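Please keep the structure in view while reading.

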Amino acid sequence: MEEIQSQSDNYRSSSSSASSPANRVPAFNFFYLRKPGALGQPISFEDSPEWEDTDVDVRVEEGGDSINAATTPVSPSLSKLNSGSLPSPHLPEGAAAARKIAGASVAWKDLTVTIKGKRKYSDNVVKSSNGYALPGTMTVIMGPAKSGKSTLLRAIAGRLPPAAKMYGEIFVNGAKMHMPYGSYGFVDLETTLIGSLTVREYLYYSALLQLPGFFCHKKSVVEEAIRAMSLSDFANKLIGGHCYMKGLPSGERRRVAIARELVMRPHILFIDEPLYHLDSVSALLMMVTLKKLTSTGCTLIFTLNQSSTEVFGLFDRICLLSNGNTLFFGETLACLQHFSNAGFPCPIMQSPSDHFLRAINTDFDRIIAMCKNWQDDNGEFSSVNMDTAVAICTLEATYKSSADAAAVEAMIQRLTEKEGPLLKSKGKAGNATRIAVLTWRSLLIMSREWKYYWLRLILYMLLALCIGTIFSGLGHSLSSVVTRVAAIFVFVSFTSLLSIAGVPALIKEIKIYVSEESNQHSGALVFLFGQLLSSIPFLFLISISSSLVFYFLIGLQDEFGLLMYFVLNFFMCLLVNEGLMLAVSSLWKNIFQSVLTLVTIHVLLMLAAGYFRIRNELPRTVWTYPLSYIAFHTYSIQGLLENEYLGVNFAIGQVRTISGFQALHSAYDISPSNNSKWENLLVLFLMAVGYRILVFVLLHFYARKNVSLHRICQCSHNSTT
């Protein structure tokens, strides 16, 4: 304790020197402004500026592009900062006011989260956390990196990974945790948006996927979400831009991700790092928008790494974590008082969040060591001269024995002693509706994104043209058979290999699915049907265009039925290859690994396809069984050769003739049956179905892997069992 007191005295001395009267300047910082009535008496900080009769005018320009903050000596009342009465962004004429939402209270008691192997020093990522969130308020979970912020947020929202175990209790409206679909929204740190859609289109399709009911009702919900997040000026702009036009800035993209959850009008909204990658202006605009959202009654809980002084003034309550320990929970200004009582007052010229993180982030110890020599030569270096481990212990001990901790326990008791109304599910769109919506949305995306199928169409046409010109003028003699087999093999194999160019687009589709599935907006079966139905028109366009070029340049038989089989066979080949790419992309979800795996698979399948050595002569182990039987190239090439040569005779001399089957016998292994080409087509169809079943299993397994385990909720006296 003597060491702790010594460290505290040193830090108090440095803070006092930084905020001495001789060095003070007029302060216009939001965090020094007290919310009237929040505590019984005004807070006085030993090392903070004197209280002034100051009013803060926050004005949001029309359209929500900029915020002007000014200070004017008007009155000591600044309740609008924390009461949710900040001026809202300008609404267009005739726009309806934001609809009120029946919020919900959330309380967590003795919440401990254990993830095995998460940390070397402890498996407890969150340790005995207590807190609550009330309707119409903003509760922020703050702390340095790896302090357990996101884990605590996910535990409260019921989205822990399977490796995590949770102990403790969570109450929603006084009842044990019950948040059905549509009653809450969760915005992850990284949300995959669809760049080829406008903001309004993206939100409209999201509403169609989430909400039951009529289209006209969903349009009004989308417009409300756009206004709620101040996106009216960007509603008709492409999220990802187009040609030389830039896409939405990161701040607007983040607001679009939040607006996607607002179409359900959730009672509770969880956001992981809403200010992620935002500059100071965008961050302030984001928080003012969220503050306006709480005025509708929504309960808002989010994590934050750090914030500016102005943003800090907008919070209602703060939960401060370090290494999973709760160092404080309560009103934002009471946190400043808590630090002052513990011996770490906030210097006058420092942001509160910076001061908090400076005191509890152990990484600053390395900065002290790095700056020690510089400090000795140049005098005192800021106020970084205390051991953060000492500060954490002091703050934790002070909080546990403080009136703030007792007040939190009393409030949790009040919130849980009587059950309120249970949150009800708002219903969801049916699977048929979702498949139709995803199909139409994917068609729109594919038609706008050249990386999906337009690039592949160009590559296929060029390849067909190159192969056709190389193998043109073969004639129909017996000597042309072997060369024509080579042409067909090269066409099927190389076009399948070129399909790998579509891997980035497929991985993006899978990421969109994962983002939507995590919020129950989609499902594996819905995604597969939507992707299949939307890709069929483009694959058929690719197959018929490249097949026509190749077919006539090579000089295959000029019969309509044979041409249609060629197109159908090649279309099924592309469909199988698309399923293979989906399976590999679903497995890795990484472009480099997926491309490398697919190239390796294609090379092996080409070697076993029966061209370099006919199928009957391949080594039985590995190459014949199983590679030659799982190589879709084999069935496609066999079907195309049988389509071309069965029923054809070649003259040898003036008397003798041989059949097409006999002519191919030494070049490629085919069946003499007239129905064999249709059997090969059936095998390709079954392989296409089989690959999609594999994709369904992979996506379903991935979804189950990321779904939260059933909560183990028990009291503290049972948490040790």
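This is a predicted model: local features need pLDDT of at least 70, side-chain atom pairs count only at pLDDT 80 or more; totals for chains, interfaces and linings use all residues.

## Pairs between separate elements

Side chains of opposite charge can pair when their charged atoms come close. The whole structure holds 13 salt bridges, and one of them joins the side chains of E223 and R200 at 2.7 Å, N to O. Because E223 lies in helix α4 (residues 215-228) and R200 in helix α3 (residues 199-210), this pair ties together parts that are 23 residues apart in sequence. E223 is partly exposed at 26% relative accessibility, and R200 is partly exposed too, at 28%.

Another salt bridge links K291 to D316, with 3.1 Å between the closest N and O atoms. K291 lies in helix α6 (residues 280-294) and D316 in the loop between α7 (309-312) and β11 (317-322), so parts 25 residues apart in sequence are tied together; both K291 and D316 are buried.

## The surroundings of S425

S425 sits in the loop between α12 (403-416) and α13 (431-448), and at 44% relative accessibility S425 counts as partly exposed. Leaving aside neighbours within four places in sequence, S425 is in contact with P180 and Y181. A polar atom of the S425 side chain lies 3.4 Å from the backbone oxygen of Y181, while the S425 side chain also reaches the backbone nitrogen of G427 at 3.3 Å.

Definitions and conventions: Residues are numbered from 1 along each chain as its sequence is written. Side-chain values use heavy atoms; hydrogens and water are left out. Helices (H or I, at least four residues) and strands (E, at least two) are DSSP runs, numbered from the N terminus. Buried means under 20% relative accessible area, exposed over 50%, partly exposed in between (1.4 Å probe, protein chains only). Contact means heavy atoms within 4.5 Å. A polar contact is a pair of N or O atoms within 3.5 Å; within protein, one must be able to donate a hydrogen and the other to accept it, and residues adjacent in sequence count only if both atoms are side-chain atoms. A salt bridge is a side-chain nitrogen of Lys or Arg within 4 Å of a carboxyl oxygen of Asp or Glu.
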